[in-house]
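Morning, everyone. I have one model to show today. Let me put it on the screen.

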Amino acid sequence: MNCLIWNIRGIGNTNSQVRLHSLVRDHRIKILAILEPMIPLDERFMCRRLGFHRVLSNSSGHIWVFFSEEVQAESVLDHPQFLHVKISAPFLPVEIYCSFVYAKCDYIERRDLWLSLLEVKPPSGPWLVGGDFNVVRSASECLGSAGGRRTPMEEFNSFILESALMDAGFEGSSYTWSNRHIWKRLDRVFVSVNWTDHFDSIRVQHLPRTVSDHCPLLVSAPVFARGPTSFRFQSMWLHHPDFLQTVRLNWNLPCHIQGMAGLFAKLKRLKNHLKWWNRDVFGNIFDNIREAEKGVALAEAECERDPSGFNWDRLANCNDDLARITAMESDFWKQEAACNWLEDGERNTKLFHNLVRKKHVANKIFRIWDDGNCLTSPTLIQQSGACFFESLLTGEPSALAAPDLSYFFHEISDLENISIAATPSLEEVKAVVFSIPRDSVAGPDGFSSAFFQHCWQIVHQDVFRAVLDFFQGTPFPQSFTSTTISLIPKCEGPRAWSDFRPISLCNVTNKIISKLLYSRLRNVVGRLISPNQSGFVPGRLISDNILLAQELTHRLNCKTHGGNVILKLDMAKAYDRVQWSFLLNIMRHLGFSDTVVGMVSRCISACHFSININGTSAGFFKSTRGLRQGDPLSPLLFILGTEYLSRGLDRLFLSRPSLSYNSGCDVRISHLAYADDIVIFANGNIRGIKRIIEFLHHYESCSGQSVNVHKSSIILPPDISPARRSSLLRITGFREEQLPIRYLGAPLYRGHRKCSLFDPLVQSIRKRLEGWETKTFLRVVG
């Protein structure tokens, strides 16, 4: 299904008609919606001119919808601001409802639009709502203006939440309308939460603006080829009365391999058995629910015919079976949704189902830009992704500069080293296993922590022997460290692979050992890490950094020689660029023994990766640098590596007091850090800023890290001289940014608090709620 929606004022112009006809031909458009045509509709001429069979128009004449010959369309409601149509066609799996919108410019008049759209919301079946809404959802969807009044945005967002619509996302430009001075995203497409019940996905492309001040929206529902599915342990299996016995019989079969290799062999054997058991014994969960419902209906009929005690007991048993299978279904959808932010005990199956739908809509990659080429073929996209991340995690084979470790001392005692490297007890291993969240996503082997926790009495000896095998010096087998990289978009409409955050899905068997080391290292790391760093250190909070940064930002305009400046650093792919030799060298100079360093080295240097792109695994390679985002040990190791930056900056500021930021008190703070989010507070002295930049270059050369100068920024006081501003921008290479700025998700600003400062936070919550039907999903308590 290819549909084009375009606000093309001036369709009577020959150039506009030629451009529109070429788009229809090139993209094989079956449904065309023209908004704000500004001329009377000549049905026969326009259908012949654009190559369509039929056209519908709303009463105001502001919306025309054209259909090809194979499309059957019926106008359901004609409204001055939208046209609601029921559509069927041979290429559509079901009938769909489409509401094509051209909203009024006045938000008072738009209120009738929101109410009327809620009234026509179909009770079932997929629903697409698209067009020119003449309003944005937040100030971030505007460029060159503040976004306008808050009330229209709030009313628009309230409508989206109440109608349970999901934004279909977009590819291309972030803005759909421009008058050459202001850019806004006024045109968009929404779909109902049940869209993915019938379609693989929804794709919206913002095509280039040519003969109109609005972008054409190209809407399609591409079909993805489904590859073979890999094994995944299902939490719903735990409710089956025969599950534990099935596992016990298979697990206790003879196995002549011990340690980590033995645990892998047993898991592989059990995996094959559970595939058979799921197919032939457990069955399809949805078929099981239907059968249980039939059983309840038959038992109720028997009770009505003969209300004997036997029949009432039978009805009670049938209801118990239905409740148990319904709980299984809820676990299934909760696991599919990877929803770990709701309270335990939540049994809203419909909510989890819709979270899965939302993920399917948001996480598809239809095209990617690589070296200036736009790739649209699924095969080329997979090959490009595998090459990009292999290059990122193997790195350039260049020698690192020698770090200056004169300000690192042996701070770990022999007793602490012995404690970290000591052989763990069975109780310690059990505590680690049960500390891993049950709902965490499984790694490539498919077994989640829920399996190990539920079957602990069966598997505990083999898990314990595998952990002992590692502590005795055995290298990790490939089966333990195989990792799947899942790609999370960092922005709307990602264009390049750098716009995705790679999250590593590690095997639980690997996580157990990593988390065991983490639980021991965290007891000593607190005193090793500088107070400037608040990330992943016990007793330190992210809010501490935010509040302190806000207080320092208030002093930006303080009168002082050179002026105050703030440097906000963006570290390019910080986790993925960690050089193992540099990290292990830091650990040795902090006093960690060779045994502890060797354990860490085995954890980080034996990892093999594949990339999950559109549900298909691509590539398989061994990394030579980087830390896995998703490994429990990685955050702790990362801040140990960045301690070189923290201590180096503190040393630089202590040796040159003129570098200090005027904070208005005796406390001198050189920088604040939360993992790789770093803000430097300094004096604007030209020579001092040069020293800071020189040290950052030194840090890059010896650590392998890279400061992204295109995304890093400098915040200057408003009264700084033009000459000094120009010099600072040239020396740093950073772009200048004005307050307010974002730091750790919160605004840093001067002056009074304004509601608009917190719009990005509100918008992030709205995105999480998007697709919820509040009347159905949310429980009312009290």
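**A threonine, a sheet and a domain**

Leaving aside neighbours within four places in sequence, T246 is in contact with H273 and W277. Keep in mind that this is a predicted model. Where does T246 lie? In helix α5, which covers residues 243–251. Is T246 buried or exposed? T246 has a relative accessible area of 12%. Buried means under 20%, so T246 counts as buried.

Now the sheet. We have an open sheet of 6 strands, with mixed pairing. The order reads β5-β6-β7-β8-β14-β10. Which strands stand at the edges? They are β5, residues 72–79, and β10, residues 165–167. Each has a single partner strand, so one side of each is left without a neighbour in the sheet. On average, neighbouring strands here are turned by 25° against each other, direction ignored.

Helix α3, residues 107–120, lies across β5, β6, β7 and β8. In residue numbers, β6 is 82–88, β7 is 96–102 and β8 is 127–132. The helix runs at about 25° to β6.

Last, the annotation. An unreviewed UniProt entry carries "domain: Reverse transcriptase" over residues 469–748. How much of that span is helix, and how much is strand? The span is 39% helix and 20% strand. Its end C-alpha atoms lie 50 Å apart.

Key
Residues numbered from 1 in each chain as written. Predicted model: local features only at pLDDT ≥ 70, side-chain atom pairs only at ≥ 80, totals over all residues. Heavy atoms only, no water. UniProt positions renumbered as here; feature names shortened; annotations may be inferred. Helix = DSSP H or I, 4+ residues; strand = E, 2+ residues; numbered from the N terminus. Buried < 20%, exposed > 50% of the residue type's maximum accessible area, 1.4 Å probe, protein only. Contact = heavy atoms within 4.5 Å. Pairing = 2+ DSSP bridges. Axes fitted to C-alpha atoms, helices over the stretch in contact; angles between N-to-C directions.
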